[in-house]
Amino acid sequence: MSEWINIALPKGRLGEKVYKRFAAAGFECPEVLDDTRKLIFENTEKKLRYFWVKPSDVAIYVERGAADVGVAGKDILLEYRPEIFELLDLDLGKCRMAVAAKKGFRDDPERTLRVATKFPHIAGEYYRKLGRDIDIIKLNGSIELAPILGLSDVIVDIVETGTTLLENDLEPIQTVVPISARLIANRSGFQFKYQEIQAIVNGLQQQLEETK
Ligand code: PRP
């Protein structure tokens, strides 16, 4: 008899695309896409339980086993390094982590670089590898404001279309790392529910090949 599988979806547009992939792969639960405030949905026949989670919280649910699998951005996995298994690159939610600054910015290597970011670990590691001294300014959003107001010299942030940078007279200087959505699994769940989770991986992999 198969086990129930708990699946954490990132709330929002990415999550809807992700759910559609799951559904197309045979793991459907149509109410998931209903326009309600409900957060949790079950397909009792297939023993699937989906729930909508704030995207940056998906890895926490999976790491602690409240979800067996989930979908999280590589940015979150690199920043928080949760103890999970990363099973599949879903080729969705593609963007990049980049360094950006005001147009014409010149780095003075003699001075400590002030870096504003929501991702202090990713930024810290990037500059540590470059051997560059930095001062991290951790912000929670609207990072683009920091160089404009002189709070920082550069930012390390997600760039998707580039519109936010452009509209704020900033420009990307370097790419830190490419980002995309990943299927992740709880480590012990992956062992206890191996067949069920592997069936999801195989289904999604097939979807990936068909959409290529
Ligand atoms: C993200 C990121 C950039 C923007 C990039 O912000 O922090 O601000 O998207 O997208 P673009 O290149 O397509 O313009 P988000 O919407 O997550 O908000 P926040 O970081 O300000 O909270």
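The following questions and answers go through a predicted protein model and the terms used to describe it.

This is a predicted model, in which local features need pLDDT of at least 70 and side-chain atom pairs count only at pLDDT 80 or more, while totals for chains, interfaces and linings use all residues. Residues are numbered from 1 along each chain as its sequence is written, and side-chain values use heavy atoms, with hydrogens and water left out.

Q: Which side chains count as positive or negative, and how far apart are the centres of the two sets?
A: Lys and Arg count as positive, Asp and Glu as negative; His and the chain ends are not counted. Each charge is placed at NZ of Lys, CZ of Arg, CG of Asp or CD of Glu. There are 30 positive and 33 negative side chains, with the two centres 1 Å apart.

Q: Why is Asp 75 called buried?
A: Its relative accessibility is 12%, so Asp 75 counts as buried. Asp 75 sits in helix α3. Contact means heavy atoms within 4.5 Å. Beyond its neighbours within four places in sequence, Asp 75 is in contact with Met 97, Phe 119, Ile 122, Ile 158 and Ile 179. Asp 75 and Ile 179 are 104 residues apart along the chain, yet their C-alpha atoms are separated by 6.2 Å.

Q: Why is Glu 16 called partly exposed?
A: Its relative accessibility is 39%, so Glu 16 falls in the partly exposed class. Glu 16 is in helix α1. Leaving aside neighbours within four places in sequence, Glu 16 is in contact with Leu 33 and Trp 52.

Q: How do you know that the length of α8 agrees with its number of residues?
A: The expected span is 1.5 Å times one less than the number of residues. For the 18 residues of α8 (residues 194-211) that gives 26 Å; the end C-alpha atoms are 26 Å apart, so the two agree.

Q: What puts the buried residues of α8 on one face?
A: The buried residues are Glu 196, Ile 197, Ile 200, Val 201, Gly 203, Leu 204, Gln 207 and Leu 208. Seen down the axis of α8, they fall within an arc of 165°, so they line one face of the helix. The arc is that of the directions from the helix axis to the C-beta atoms. On the other side of α8, Gln 195, Glu 209 and Glu 210 are exposed. Cover for the buried residues of α8 includes β1 (5-10), α1 (13-24) and β11 (181-186).

Q: What puts the buried residues of α4 on one face?
A: In α4 (residues 120-130), Ile 122, Ala 123, Tyr 126 and Tyr 127 are buried. They fall within an arc of 120° seen down the axis of α4, so they line one face. Exposed Arg 128 and Lys 129 are on the face turned away from the buried side. Among the elements covering the buried residues of α4 are α3, β6 (95-102) and β10. Gly 131 follows α4, with a positive phi near 70°.

Q: What makes Arg 81 and Asp 169 worth a look?
A: Neither is a glycine, yet phi is positive: about 45° for Arg 81 and about 55° for Asp 169. Arg 81 lies in the loop between α3 (74-80) and β5. Asp 169 lies in the loop between α6 (163-167) and β10 (170-179).

Note on methods. Helix = DSSP H or I, 4+ residues; strand = E, 2+ residues; numbered from the N terminus. Buried < 20%, exposed > 50% of the residue type's maximum accessible area, 1.4 Å probe, protein only.
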